[in-house]
Structure formats: structure tokens, C-alpha cells
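Subject: Handover of a structure and notes on its features

Dear colleague,

Please find below the structure that I am handing over to you. My notes on it follow directly after.

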Amino acid sequence: MKAIEQLRLSGGLPSPKGVALAIMQISRRDDATLEEISRLVQTDPVTSGRLLHMANAASIAGRPLASIPEAIIRLGLAAVRQLAMGFSLIDQYRSGACKAFDYPRFWSHSLLMAVAMQELGKRVRLASPDELFACGLLARIGYLALATLYPEEYSQLLQEAGDITPERERQHLHVDHGELTAAILEDCGIPRALAEPVCFHEAVESAGFAEGSRPYQLTRLFQLARRLADLSLTPTEQRAPHLGELMLLGGKIGLDANELGALLDQVHAQWHEWSAVLHVPDSKVPSFAELITAPPAANDSAPAAEVSRVLWVASAAPVRAMLADTLGDMPDQIVLSAEGGEEGLALAVQWLPQVVIVDSRMPGMDGWALCRALRATPWGQSIYLIVLASVTSEAEIRLASEAQINDCVSPAQAIRMLPLRMGAARQYVKLLNQWEHDRAQLKQFSAELAMSNRKLQHYALIDQLTGLQNRRAGMESLTQAWSVAERSGDPVTMMMIDIDHFKEVNDAHGHAVGDQVLIEVARTIRRSARKEDAVCRMGGEEFLVICRNADLSSSRHAAERLRKAVASLRVAADGEQLGVTISVGLAAREDGMVDPGALVNAADKALYAAKKKGRNRTCRYEDGKLYLEG
């Protein structure tokens, strides 16, 4: 017997009690009535008040509810059962025997996830927002289960250094929090279509859901809700990384910065309300606008502020001695020297100093010539140049201007003034380093943005579930094919395809199986089509194949081959092999058709006729008449 089954039999898993348990038991009966459940709820004033609060919070408009039966109708029986269960667990496990487990923080985090999922559910219509609230509340219930089942062992594990991973949990406790979460969700009647995304939200990439499918999108929502909760409970100085990740995850589900900000602020407002109702601790969180404008915390990876590489160049012995003494006492820098302009230039090319101090009076290449040579190089544009010169005559002013120096110091004042001038150089290099750091980040951001834009351009034309062109791309392909046919006179035909009884598949087996049916049919259509054919998913269970340079006769045979290929498909569903059929409407560009829309209408008429005649048929439109194949 598996460990999880033993734990179930032991009765040690966190489970609802009292009214919540009774609600769960009654709601499982086929003959349960609204009146019976309403009477049961009304026996517990606390549960009644919480369900009314949820029903009124869920209402976008309309009069406030004061009746339990009305609240149950508005929320739905499934949500009532799940919410009662969640509220019961909060009341029972506000504290416990696991000393290292932070029970208040656990429920604060769970409540944040619940509210976040409810708000996301209102924006991304994938499931009932109230059921998503309950799922968010229980998304991390496995951690509480470990603290309840193994208080001493789990406390020791929490106190050890390192992250608590499922592998470490299994190593020490023979079960992990994910398994316990799945078991509790199943015992409490959470539908599998919601439970699976909950269980995979901590490891999205390992879920294996088809990108763009409903389970995939739900998993992303739970991931975003968890990161939002993490951000809200993180100390102020540590929020910046969480905020960046949150914005990235928001972008993946189509929320821009403004929409994400509105979501974040609304979640925090609802969190404070629910904290008062459920007696769960909360804390003040800055608004999104305040979070994004807050100064970043000190970062160990930020560039160093001090001057690190200084080169001085002088040939006269007294000047060299003075520079050696003056610069030798300055901390946090590496100093090199050269005895002449040519040597100084060679050393600068090799070493790339940030600050160069040069005596203007040197034989051969003097200080002015050296400065001009340095400024002529790309890397020399950013060097901080200090020249030892009086610069009092017009000629010296012109030389200083041509050399593009940053500062000059009279040799007579160098001992006293040079440390001050080096302070300015230090500040310059600090700003330069910060600018380089920011520029590197900007380049990285620009690269990521460019990649994101390319992906967006791709996704804008691709159906994420099937990988086929979407409706927009399909219409563009049709317009192009139509234009070519008009110029060349070549034929163009169209197949409009619809999966038969697809709604019944979703209703009987769930959206995950429905998604798999769509994927398998799409693959079959793509395999059956020619390379030059454009295949797109128009939406729902409808597909389009645009056949360039193909007449109606050849397309008739292709449509029948495709229909038979789909009929041979089998999709696994609840332990059985599900058969699939399609109906096909076929039409070709004819004289008198004024635009691509006329071809679409003709194929649509043929598809309607095929479905009306019993489905799993191909029907063609030709010269204003409809003909069934086979």
C-alpha cells in the first residue's frame, strides 16, 4: 500500500469538520436539495456570514444578498462545498505542534493566493472565480499536512539549511507536500480539471500540458497567484526580484503593467477584507505604483564605486616623486606609471585605465599629444584626463581644448590640489561604472524584449493549442491565394472542417480530453495537406484548409481521404478509446465570386449541408448547387 493511502486510512490528513463536513457529505448525494443544504449552513452563523460575504463579493452588480439560499444559488453548490471546507481548515489549524512551521504566515499566503485566483478568474474566463478562490486557498495545503502529520520531523527539516524540496521531503518523510495536496483536493471533491493545475503550479515546465490548453493556462494562473502572494509577504528591501518576475508572468497571460497593477491593488484590498472576516493576519503593502517607483536595494552585483585603475605619466624626476607620494596614499585603486608619452600610450592601450594623469611638459610625445592620442580611440573617450599644467595663456587654453581634458592642476599646487581633483575623478568613474552597468542591463532587456516581440508576432498568427495558423493568419493566407489566382488564373479551393459532436466530448470527458481531440485532428489535417496548403484553426472545433493550384476534383479526393483518416483516430478518454469524425464543406473559386468572402460563404454552406445530412460527410459547392460525396 502506498504511503499516501496509509495516511488516508489513518485519518491524520487535515480534513473539514462540523458543518463543512456535513455539507460535503450531503452534496455528494444525488437527491440533495437546496433547502436541505441551506438549512445546514444556517445552523452555523460563522459559515453563513462567510458565504454571504463571498456571494456579495462575487457579485459585480445588483442588490446585496442577505439570504443563504440566494447565496448558494449565486455561488453554486460546488463552490459552497469547497469554500466551507477551506474555511473549516483555517479555523482548525490556526496553530499546531510543528514549532518551525509558521501557521499564521501560511494562511496569510493561502488567502492571498485565493483572492488572487478569484480576481484572475474574473479576468481570464477559465473557471468559476469562486471555485478558483477555494483552489487558491488549498493550493499549498500539503505543507500544512506535513506539519500536522509529522510535527517534530518536519520542524527539524524546516530548521535545516537549504530549501525544502519534494525530494528532501520524500527522503525524510516518505511523502511530499504535492502528493498530500493532491490527496486532500481529491477527498474534498475538487474537480480533476482544477486539481491538476494546482498540483503542478510549483513546477510548470514538468506538467506536460499542451501550450495554450486550458490546464496549461490554469497552471500559469496559479503560478502567478503564488508569486503575487510571495511578493506581498516579502520584506520591502527584497521585493524587487519578485516584482520583476511577477511582471514577466503577467505578460505571459496577457496582462500589461497597468492591468497587473490594477490586479495587484485589487487583490490587496480584498485580502484585507477577507483577513478581517477569517481572522487571518495581514499587513500593509504599497500600491503597485509605489512598488515600481521604489529605489532598488543595494545589489552585490552592482559595479564598484571606487576608482580602480589609475595611470600617471611624467618624465621629470621631481614630478614623478610627487605623483608617486600623492597617489600612493590613496586607497582602493591600482596605480601604474610611465616615464614618457610613447610608453604611457602603449601601457594605456594594454591596460585601459579609467583615470590618466599626465605632465604636459615631456620630451618627445608631450602630455597634450598623449591626451589627443587617447581621445582618438573609442575606449579613450571615457577616460578621465587630468593634466599637470598652468593653462594661463591662450595657446595653452587652445591645447587643453583640443586635448578634451577633464581637469588641469598647476604643478606648483599639485601636492595640495591633486587629492581633491582625484575625488572628482572617483565620482566620475562611479557614475561611468553605473552607466555601464545600466547599459548592460538595458541591452539585455532590449534583447529579451526583441525576442518577446518576435514571439508575440509568431503567437499572433499561431493557434497555441494546435500549432496551426489561427483565424487571422488563415484569412491572410486566403487573401494571398485569392490574389495569386486572380493574376494567374490558377484554381484555388477551400475545405471548411468541423469536428462532429465536439461539445458532447467536452461535456462527457472534460476540456483536457477535448483539447487532445483538437490536437490529434489538427495533426491529421496537417499530415494530409500538401506543403503548399495553408491549414488554420478558425476557432473552437472548426478548421480551414486553403489549397492553392488545386481544382475541385482533386480536392474532393483529398477531402475524403482526410475524413477517413480522422475517422480512424482513437483518443484515450477515461479508460476508453474515443472515436472522432469530421464534416467537410468544399468549394472552389468560381467566376462571379467577387472576393475571398464569397468562397468562405460557399464552403460554409457546403459544411452546413454535410452536418445536416448526418455528419461524417463531405459536401461540395459547385455552380450554386450542393453535392454530397460518397
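Among contacts in the protein between residues at least 6 apart in sequence, what percentage join residues at least 24 apart? The share is 66%, where contact means heavy atoms within 4.5 Å.

The model is a predicted one, in which local features need pLDDT of at least 70 and side-chain atom pairs count only at pLDDT 80 or more, while totals for chains, interfaces and linings use all residues. Residues are numbered from 1 along each chain as its sequence is written, and side-chain values use heavy atoms, with hydrogens and water left out.

Overall composition

The protein has 27 helices and 13 strands; these are DSSP runs numbered from the N terminus, with helices being H or I of at least four residues and strands E of at least two. Of its 630 residues, 47% count as buried. Here buried means under 20% relative accessible area, exposed over 50%, and partly exposed in between, with a 1.4 Å probe and protein chains only. The exposed surface comes to about 30,600 Å², and carbon and sulfur atoms supply 52% of it; the areas come from the Shrake-Rupley method with a 1.4 Å probe, and for residues only the protein chains shown count as cover.

The parallel sheet

An open sheet of 5 strands has the order β2-β1-β3-β4-β5, with parallel pairing; two strands pair if DSSP finds at least two bridges between them. β2 (334-338) and β5 (407-409) stand at the edges with a single partner strand each, so one side of each has no neighbour in the sheet. From one strand to the next, the twist averages 20°; axes are lines fitted to C-alpha atoms, for helices over the stretch in contact, and angles run from 0 to 180 degrees between N-to-C directions.

Within this sheet, β3 (residues 355-359) and β4 (residues 384-388) pair in the parallel sense over 5 bridges, and V358 has V387 in β4 as its bridge partner. Helix α19 (residues 341-351) lies across β1 (309-313) and β2, and runs at about 165° to β1. In the loop between α19 and β3 lies L352, which has a positive phi of about 55° although it is not a glycine. L352 counts as partly exposed, at 37% relative accessibility.

The mixed sheet

A second open sheet contains 6 strands in the order β7-β8-β6-β11-β12-β13, and its pairing is mixed. Its edges are β7 (534-539) and β13 (625-628), each with a single partner strand, so one side of each is left without a neighbour in the sheet. Strands β6 (residues 492-499) and β8 (residues 542-548) run antiparallel and are joined by 7 bridges; the bridge partner of I497 in β8 is F543. Helix α23 (residues 471-488) packs on the sheet, where it touches β6, β7 and β8, and its direction makes about 25° with that of β8. Helix α25 (residues 511-528) also packs on the sheet, touching β6, β7, β8 and β11 (582-588), and its direction makes about 10° with that of β8.

The loop between α11 (166-173) and α12 holds H174, a residue other than glycine with a positive phi near 70°. H174 counts as exposed, at 61% relative accessibility. D176 caps the N-terminal end of α12, with a side-chain oxygen 2.8 Å from the backbone nitrogen of G178. The buried residues of α12 (residues 177-187) are H177, L180, T181, A183, I184 and L185. G189 follows the helix and has a positive phi near 80°.

Aromatic pairs

A search of the whole structure finds 6 aromatic pairs; rings of Phe, Tyr and Trp (its six-membered ring) pair if their centres lie within 6.5 Å, and planes under 30 degrees apart count as stacked, over 60 as edge-to-face and the rest as tilted. F101 and Y103 form an edge-to-face pair, 4.9 Å centre to centre with 75° between the planes. F101 is buried at 11% relative accessibility, and Y103 is buried at 6%. Y384 and Y428 form a tilted pair, 5.1 Å centre to centre with 50° between the planes. This pair links distant parts of the chain, with Y384 in β4 and Y428 in helix α22 (residues 414-459), 44 residues apart.

With kind regards

Conventions
Polar contact = N/O pair within 3.5 Å; in protein donor to acceptor, adjacent residues only side chain to side chain.
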